[in-house]
Amino acid sequence: MAHSSNSNLAHHFVDSEQQFDASKMGMWIFLVTEILFFGGLFAAYIIYRAWYPELYIMASSQLNTTMGAINTGVLILSSLTMALSIWSAQNNDRKKTTIFLAVTIICAIIFMIIKYFEYTHKFHLGIFPGAYYTFTGIDHVKAPQFFSIYYMMTGLHGIHVIIGVGLMIWLVIKNQKQAFSSSYYTPIEIVGLYWHVVDIIWIFLFPLLYLID
Amino acid sequence: MSGHHHLSLKVLLGTALALGVLTVLTVSVAMIHIPSPFNIVVAIAIAAVKAYLVVMYFMNLRNDSKFNLLSFGFSILFLLIFVGITMLDTMFRVEVIPGF
Amino acid sequence: MDNTTTSPNIGLKLKRFTSPDHPEVNFAQAEKGIKAWLTTIDHKKIGLMYLGSIAFFFFIGGLLALLLRWELWTPAKTFLDADAYNQVFTLHGAIMIFLVLVPSVPAALGNFFLPIMVGAKDVAFPRLNLLSFYIYLTGAFFSLYSIVTGAIDTGWTFYTPYSAQTSASVVSMTFGVFVLGFSSILTGLNFIVTIHKLRVPGLTWGKLPLFLWSIYATSVIQILATPVLAITLLLLIMERTLKIGIFDPTLGGDPVLYQHFFWFYSHPAVYIMILPGFGVISEIIGIFSKRRVFGYWFIALSSMAIALMGFLVWGHHMFVSGQSTLSSVVFSLITFFVGIPTGIKIFNWVATMYKGSISLRTPMWYALMFLFLFTIGGFTGVTLGTLSVDVHLHDTYYVVAHFHYVMMGGMLVAFLGGIHLWWPKMTGRMYNEKLANLSALLIFIGFNMTFFTQFILGAKGMPRRYYHYIDQFQSLHQFSTVGSWVIGLGFSIMLFYLLKSLGKKGVIAPKNPWGGRSLEWMTQTPPVMENFDYTPVVIHGPYDFHKPIAEFEYGIEGSDSHGHDHNSEQHDNKHSVNA
């Protein structure tokens, strides 16, 4: 049983195990809301795809499968390194914790850079969201709708990646100030849970957007 | 119930490897032409397996409280309810004025 | 009476902890000054801040209601022009739903009493709780700011295409509601974890007060439904700013799809609003009948059933929207089923009162009002759920009457009942019961005058949200308007006696004026900062009125865990309870 005479135990908890379990449960509940939040966009995707299946096949050709696949690999790697940073914290290895967090951050930045290139390429072609869409390469009246959904899904996902980077930088700073150890690493655990869900959302986005035939 | 189940390095690396393999599979399968709607079913199925691995091993739900697993399950269930019942409308509308 | 005992099942040695009615330093005195309140992480102060804010917004929403009823005194313009009228009813609805009803019982009473009822010192995440309050205020600010920049006139439902095209400040209002959603989500999250993790020894799920079961069910809905509202509003904002074309037909979108997205949250939202009220009614009827609430598990589990089944019926708001006949039929059928768990509750409450020792104090009057008014509201909901009937009644005053009967006659009345039940505990003061009963009577009479009339108006064909109406409806409208003034009078009296009770000449209340058995009645009045000076241990159920109060004051030494784990025997036992 974790023996704590430390300041990490809040006064309303009986012991640190109760606090750790409560924090994890809280984060899982929050992730439920994230799944339903993104889920709304998946719903819009599914409904429009069921209405206009031919549109989705045509429009998907404008998405770069290679870049999408690299991004998928990058995020999976980042999930691994995030889990490894928690593993390091559990083993009381402060240095490794920081290193793995840093690698995760780098992966996330690579992801965003690739996204940047994807987006700018599309803008160059006139593929903008909604009413600003001027691309003529897809012969379908609902083409703007596909890309609106594409931008909403990948854009919202990208925002969540950026937030994740912010959280991880905060973790690195705190870890360097020796705030974490094998008896208290709760913030790393719960940021890890968040990051894995960001990865999972991309795991579904990739085939649904990039790999339509 | 323990909150501090230690992650195992072997399991983490193994999971990452499996995810990599499945990603390669995802892309390869997309190159083969599978008739609709089965192409979607296959793609989602592979993604679901990947998500399962991330949830069970990276997020350690395998060794965690059943309540957290239940919560996650409910989120998927209610998402499916939302999409499914909405499609009872969107897929079954009758053209009131043909060609409009 | 033994001052020590052993708790059954767990085998803890217990001591009896009697405390005087009033503590030397209560929670409000423990940290003084405005800054202490604004930065507090104490759930009781946060609950009271919510209560004050909610009361304030209710006052504004109520003024808007009086305004719009006054405008409807004559069939044409009385003093507002048509655009202003649209803005008034939109704001009235948005404020009442998002700023008052959705937070109401959970944020104000739930925050104050949930931790005490489980014997804890605070909610699971106290700082998150304070953040939730500030998010609520931020959301309220953005919503009300829209009044200044171009008050919206779309109705609280923001239907497209109008909401995507109108020049009013839709973005400000919808962004405000988006932010408010986070407050709701975080509160629900906090409550679920608190109930799971922070119960004291002996407090099994079967001994939870039914109020907590209803708060739990409400929190589940908040978690599952609110995110979908969030994405809907975000998409609406994008529709207006980037013209993404998902919901607006002129941009290639589908307006009925908006309604699916919107109502997927907004129907469960009505259960977010009513379930906590059901919980309060259970508490009141139990205490003032001095009987165990009939069918405890039926009431507890019916709350969960309502929470889950409530997600399957949203399309009954859309029968005439153009959705497929198939979905309309499915939604209508499931809507009939969703009334069953609620019906079970009504029967169980009445059964609780049968052969009980009824005490007609103010909270009980509110509970009785609730039973009458909510039942009417519930029945008329089933009427509206009948597909063929709804084709005639949709968007008429019948709908307006129905939802005011359930939301105001039901939820608000339950909220008022809860305030009158727990006022002595929160404030340490007792209000003037004669005035309280008078106020309740005026609200009851005024309410029926205002809204029963509207069932008639609606059945005769008066459309809702209409500024002009035909001359034949004028006398009914005027009667309804007079009713609104009677309601206003009732609330004015309430404000007066509640504030008076807090003043120098206010009557001091004892710690358990009603003889309740749940843990909040065992704390001092008002409670100390950490709620209890000991760790309570529960050995009886919350409605065991036949057991003497002394048997509810058992516990074990020590509420102090400032960084120290309790000895392992005690906290092993604690963990065997918390699952």
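Over all chains, the structure holds 15 salt bridges, a salt bridge being a side-chain nitrogen of Lys or Arg within 4 Å of a carboxyl oxygen of Asp or Glu. One of them joins the side chains of C:Glu557 and C:Lys15, with an N to O distance of 3.1 Å. C:Glu557 lies in the loop between strand E6 (554-556) and helix H18 (568-577) of chain C, while C:Lys15 belongs to strand E2 (residues 13-16) of chain C, so the pair ties together parts that are 542 residues apart in sequence. Helices (H or I, at least four residues) and strands (E, at least two) are DSSP runs, numbered from the N terminus.

This is a predicted model, in which local features need pLDDT of at least 70 and side-chain atom pairs count only at pLDDT 80 or more, whereas totals for chains, interfaces and linings use all residues. Residues are numbered from 1 along each chain as its sequence is written, chains are lettered from A and ligands numbered from 1 in the order in which they are written, and side-chain values use heavy atoms, with hydrogens and water left out.

Chain A has 6 helices and 0 strands, and its pattern along the sequence reads α-α-α-α-α-α. Taken along the principal axes, the box filled by the C-alpha atoms of chain A is roughly 70 × 30 × 25 Å.

The size of an interface is often given as the accessible area lost when the parts come together. Here, buried area is the accessible area (1.4 Å probe) that two parts lose on being put together, summed over both, and contact means heavy atoms within 4.5 Å. A polar contact is a pair of N or O atoms within 3.5 Å; within protein, one must be able to donate a hydrogen and the other to accept it, and residues adjacent in sequence count only if both atoms are side-chain atoms.

Between chain A and chain C, 43 residues of chain A are in contact with 47 residues of chain C. These two chains bury about 3700 Å² between them, with 71% of it on carbon and sulfur atoms. On the chain A side, A:His11, A:His12 and A:Phe37 lose the most area to chain C, together 18% of what that side buries. The count between chain A and chain C is 11 residue pairs in polar contact, both residues at pLDDT 80 or more. Helix H1 (16-51) and helix H5 (143-176) of chain A each supply at least two residues of the side that touches chain C, and H1(A) gives the most to that side, with 20 residues. By class, the side of chain A that touches chain C has 25 nonpolar, 15 polar and 3 charged residues, where Ala, Val, Leu, Ile, Met, Phe, Trp, Tyr, Cys and Pro count as nonpolar, Asp, Glu, Lys and Arg as charged, and the others, Gly among them, as polar.

The contact between chain A and chain B takes 43 residues from chain A and 46 residues from chain B. The area buried between chain A and chain B is about 4100 Å², of which 76% comes from carbon and sulfur atoms. Across this interface there are 4 residue pairs in polar contact, both residues at pLDDT 80 or more. H1, helix H3 (65-90) and helix H6 (186-210) of chain A each supply at least two residues of the side that touches chain B, and H1(A) gives the most to that side, with 19 residues. The classes on the side of chain A that touches chain B are 30 nonpolar, 7 polar and 6 charged residues.

The axes of helix H10 (residues 255-289) and helix H11 (residues 296-309) of chain C come within 11 Å and cross at roughly 175°, which makes H10(C) roughly antiparallel to H11(C). Axes are lines fitted to C-alpha atoms, for helices over the stretch in contact, and angles run from 0 to 180 degrees between N-to-C directions; angles under 35 degrees count as roughly parallel, over 145 as roughly antiparallel, 65 to 115 as roughly perpendicular and the rest as oblique. In this contact, C:Tyr271, C:Leu275, C:Phe278 and C:Ser282 of H10(C) meet C:Ile299, C:Ser303, C:Ile306 and C:Ala307 of H11(C).

The peptide bond from C:Thr160 to C:Pro161 is cis, with omega near -5°, and C:Pro161 is placed in the loop between helix H6 (126-150) and helix H7 (162-165) of chain C. C:Phe158 lies in the loop between H6 and H7 of chain C, and its phi is near 50°, a positive value in a residue other than glycine. The peptide bond from C:Thr525 to C:Pro526 is also cis, with omega near -15°, and C:Pro526 lies in the loop between strand E4 (507-508) and strand E5 (535-536) of chain C.
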